[in-house]
Amino acid sequence: TKKGNNKSRKNVNAYKKLSFSDDGAQEVEVRTSLPPCVLGEQRGCLKVLFQAVRWEYSIGPPAPKLCFRLKWWGEQSRGTIFRVPVYAVSDERPAWNGSFATFPIRTSIQQLRTYLKDMGSLDIEVGLGHLSDSSMVIGQLTIPTLSHLSVGLPVEGEYPVMSPQGIEFGKVMVRFSLERRGSSRQCKAAVSSEPESEPEMAQETDPFTKDTSSKTTRLPMDMGHKAENDSKTN
């Protein structure tokens, strides 16, 4: 009986770890409204939260946090970068709740859903961020569809982070939620003053800036050892 109770408590704790909250999360600037390149009055917002990465691969997490580049279908800028804490399966989830962004919506909710349906799946690049150093892309996150997103019914869950070789490194907690304008004080986006159509350029805050001097574009399978050696030599 005691074993059953303990198992039940573990399941409850696991469920609590999947609860979503942007308390303590860092807001990042966005460089586009939705749909991209569409002008008009803001009618609402789409809030995206990257909360935490649960690392499940046999070699431990390569860094305390990973970077996710979200670039919408049709977006002309380099995208929005989210920095997300990583924790091993055996560890407690970090208290720091990742980062979030609020994208202004320039069409009706129905028209936005049509755009999302036409977009299909959303592929998000995953990499190691070292701020001033260039980052190696280690994989990709795919959100199958957002077309059923609606006000009050967010799309949320744990989505697998996959390597280019098809190996699952772990799962990241992501939440997409819609709000109509005026429904919440949180529907105010932090929009970058840079134009949406800016060209790709090297910036210290962009961990995905390509480094032409490096032949490595992604982490090899001994990624844990390489990350450890790099940290010792720096």
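This is a short walk through one predicted model, strand by strand and then into its core.

Two housekeeping points. Residues are numbered from 1 along each chain as its sequence is written, and side-chain values use heavy atoms, with hydrogens and water left out. As this is a predicted model, local features need pLDDT of at least 70 and side-chain atom pairs count only at pLDDT 80 or more, while totals for chains, interfaces and linings use all residues.

Some terms. Helices (H or I, at least four residues) and strands (E, at least two) are DSSP runs, numbered from the N terminus. Buried means under 20% relative accessible area, exposed over 50%, and partly exposed in between, with a 1.4 Å probe and protein chains only. Two strands pair if DSSP finds at least two bridges between them.

Start with strand β7, residues 137-143. 5 of its 7 residues are buried, so β7 is largely enclosed by the rest of the structure. What are its partners? Strand β6, residues 122-127, pairs with β7 in the antiparallel sense over 6 bridges. There, L122 stands opposite I143 of β7. Strand β8, residues 155-162, also pairs with β7 in the antiparallel sense, over 2 bridges. Q140 has M162 in β8 as its bridge partner.

Now strand β3, residues 65-70. 5 of its 6 residues are buried. β3 pairs with strand β4, residues 80-88, in the antiparallel sense over 6 bridges. It pairs with β6 in the antiparallel sense too, over 3 bridges. Look at C67. It stands opposite R83 in β4, and its bridge partner in β6 is G127.

Next, helix α2, residues 109-119. Which of its residues are buried? I109, L112, Y115, L116 and M119. They cover an arc of only 115° around the axis (taken from the directions from the helix axis to the C-beta atoms), which puts them on the same side of α2. As background, an α-helix has 3.6 residues a turn, so residues three or four places apart point the same way. The face turned away from the buried side carries the exposed residues Q110, K117 and D118.

On to I105, in strand β5, residues 99-105. I105 has a relative accessible area of 0%, so it counts as buried. Contact here means heavy atoms within 4.5 Å. Leaving aside neighbours within four places in sequence, I105 contacts L34, E41, Q42, R43, G44, C45, L46, L112 and L178. L34 is 71 residues away along the chain, yet the two C-alpha atoms are separated by 4.8 Å.

Q42 is on that list. Where does Q42 sit? In the loop between β1 (26-27) and β2 (44-55). Its relative accessibility is 16%, so Q42 counts as buried. Its side chain reaches the backbone oxygen of G44 at 3.1 Å.

Last, the core. A nonpolar core is a set of buried Ala, Val, Leu, Ile, Met, Phe, Trp, Tyr and Cys residues joined through side-chain atoms within 4.5 Å. The largest one has 42 residues. Which touch the most other members? L46, F50, F68, W72, L141 and F176. Take F50. Not counting residues up to four places away in sequence, it touches a list including F68, F82, I124, L141 and V174.

Methods
A polar contact is a pair of N or O atoms within 3.5 Å; within protein, one must be able to donate a hydrogen and the other to accept it, and residues adjacent in sequence count only if both atoms are side-chain atoms.
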